[in-house]
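Student: I have a structure open and would like to go through it piece by piece. Can we start with the ligand and then move on to other parts?

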Amino acid sequence: MVNLLNISDEVLSSRDIAQFNQDGFLHLKDVLNPSEVHDLRQAVGAQLRNKSKTTTGYDFESLAYQLWSDEDDIDSGEAMRFDLELYRHIIKQDETARPIREKSNHDLNGEGMFFYEAAGWRNHHEIRDVAFDSKLPPLCAKLLDTSYLNFWEDTTFVKGPNTPQKTTFHQDYTYFQIQGLKCCVVWIPLDKASRKTGAMQYVRGSHLWGHTFAPNVFIAQTPLLDAPDPKLPDIEANPDDYDIVTVEAEPGDVIIHHVLTIHGAKGNMSEDQIRRAISFRYCGDDIRYFDRPGAIPQPYISNPLPDGTPLYSRDYPLVWPKPAPEIKLAPLFRSDHIAI
Ligand SMILES: O=C(O)CCC(=O)C(=O)O
């Protein structure tokens with residue numbers, strides 16, 4: 001028997017859903033319990049310890065420093081998800097390209113860290129546990145009004161102290177190989193995310209603009225290669241022209257945004273506080289696979305899907321509905337099932 005949606009109004013009310021549909025994002029307090037937050041911190045800690053060894057982990061603060069300081073080669077360790085030499089070449093030709101950093105009184109180049117990692121669910125059972133078996137799948141299914149939900153990917157974003165690098169405004173849709181509208185991103189702070197430490201920022205209502213915009217590499221606004229969509233307007237230079245909402249959040253909270261909502265994040269200008277976060281991306285029943293030009297290649301895909309098909313694949317675990325409420329999905333996707 002299928003376990004129907006049982007997320008109570010206390011967790012997600014019809015007013016919350018209306019607000020999400022109107023604004024394109026929703027801040028919910030106390031959704032994850034302390035043990036789930038603890039487990040995610042453990043997984044992110046392991047990712048950080050492994051950061052120079054993976055093919056998907058980057059320090060964007062260091063890359064930004066190398067990019068703007070004209071060093072000969074860009075050193076991104078073992079990572080290969082983005083072609084950074086090529087990107088630098090493209091940036092050089094973009095007359096509007098410039099560092100997108102918080103102002104600081106002294107030169108902070110190289111001190112901070114903006115760690116990015118992806119697809120942690122493949123290696124870390126703590127990420128699978130929360131992504132597949134917490135309140136989040138039924139909550140997102142209710143929010144998106146979908147009959148089922150697939151997990152697309154998780155991404156880790158950690159900003160260490162003294163990291164002026166902002167996460168430049170972007171729209172997630174064109175980073176993903178998908179078509180359809182029922183997709184949301186759950187951003188999960190694992191430390192307090194304040195204006196000073198790197199709060200998220202959303203352009204209210206931008207999911208309703210009716211446009212898709214080319215992806216960028218988070219540290220500059222220059223679009224990635226091959227993306228046919230137009231470049232995002234220069235929101236950083238003209239903040240007063242946009243309805244930008246900065247959302248401070250605590251561990252246990254989640255902020256959910258629609259995949260079309262334009263968003264970014266502040267740098268971490270504190271001297272001693274880390275801001276760890278992880279975001280989960282969920283897809284509903286109108287989403288079809290689409291090998292979008294310019295989208296970032298997903299790592300570890302074992303079963304490439306043809307365009308136009310639903311996400312029926314172990315690469316995109318079906319996380320809602322569950323065959324029975326008490327069944328845990330995370331153990332069905334143990335790492336040793338997956339070729340890495
Ligand atoms: O945490 C950040 O700095 C950015 C997060 C983000 O852009 C996302 O989760 O889509």
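Predicted model: local features only at pLDDT ≥ 70, side-chain atom pairs only at ≥ 80, totals over all residues.

Student: Which residues are the closest to the ligand?

Tutor: The closest are Thr167, Trp187, His263, Arg275 and Ser279.

Student: What is 2.6 Å from an N or O atom in the side chain of Thr167?

Tutor: An oxygen atom of the ligand. His263 also has a side-chain N or O atom 3.0 Å from an oxygen atom of the ligand.

Student: And where does the polar side-chain atom of Ser279 lie?

Tutor: That atom of Ser279 is 2.9 Å from a ligand oxygen atom.

Student: New topic: helices. What describes two packed helices?

Tutor: The angle between their axes and the distance between the axes. Take helix 2 (residues 34-49) and helix 5 (residues 125-133): their axes come within 8 Å and cross at roughly 140 degrees.

Student: Is the crossing of helix 2 and helix 5 left-handed or right-handed?

Tutor: Left-handed. On the helix 2 side, the contact is made by Glu36, Asp39, Leu40, Gln42, Ala43 and Gln47. Helix 5 contributes Glu126, Ile127 and Val130.

Student: How many residues of each class does that contact have?

Tutor: The contact of helix 2 with helix 5 has four nonpolar, two polar and three charged residues.

Student: What about helix 3 and helix 4, how do their axes cross?

Tutor: The axes of helix 3 (residues 60-68) and helix 4 (residues 84-92) cross at roughly 50 degrees and come within 11 Å. Helix 3 and helix 4 are therefore oblique to each other. Their crossing is right-handed.

Student: Which residues make the contact?

Tutor: From helix 3, Leu63, Gln66, Leu67 and Trp68; from helix 4, Leu84, Arg88 and Ile91. By class, that is five nonpolar, one polar and one charged.

Student: Okay, backbone now. What do phi and peptide bonds mostly look like?

Tutor: Most residues other than glycine have a negative phi, and most peptide bonds are trans. Asp30 is not a glycine, yet has a positive phi of about 50 degrees.

Student: Where is Asp30 found?

Tutor: In the loop between strand 1 (25-28) and helix 2.

Student: And which peptide bond is cis?

Tutor: The one from Trp320 to Pro321, with omega near -5 degrees. Pro321 is in the segment after strand 14 (318-320).

Conventions: Residues numbered from 1 in each chain as written. Heavy atoms only, no water. Axes fitted to C-alpha atoms, helices over the stretch in contact; angles between N-to-C directions. Helix = DSSP H or I, 4+ residues; strand = E, 2+ residues; numbered from the N terminus. Parallel < 35°, antiparallel > 145°, perpendicular 65-115°, else oblique. Left-handed = near helix turned anticlockwise from the far one by under 90°. Contact = heavy atoms within 4.5 Å. Nonpolar A, V, L, I, M, F, W, Y, C, P; charged D, E, K, R; others polar. Near = heavy atom within 4 Å. Polar contact = N/O pair within 3.5 Å; in protein donor to acceptor, adjacent residues only side chain to side chain.
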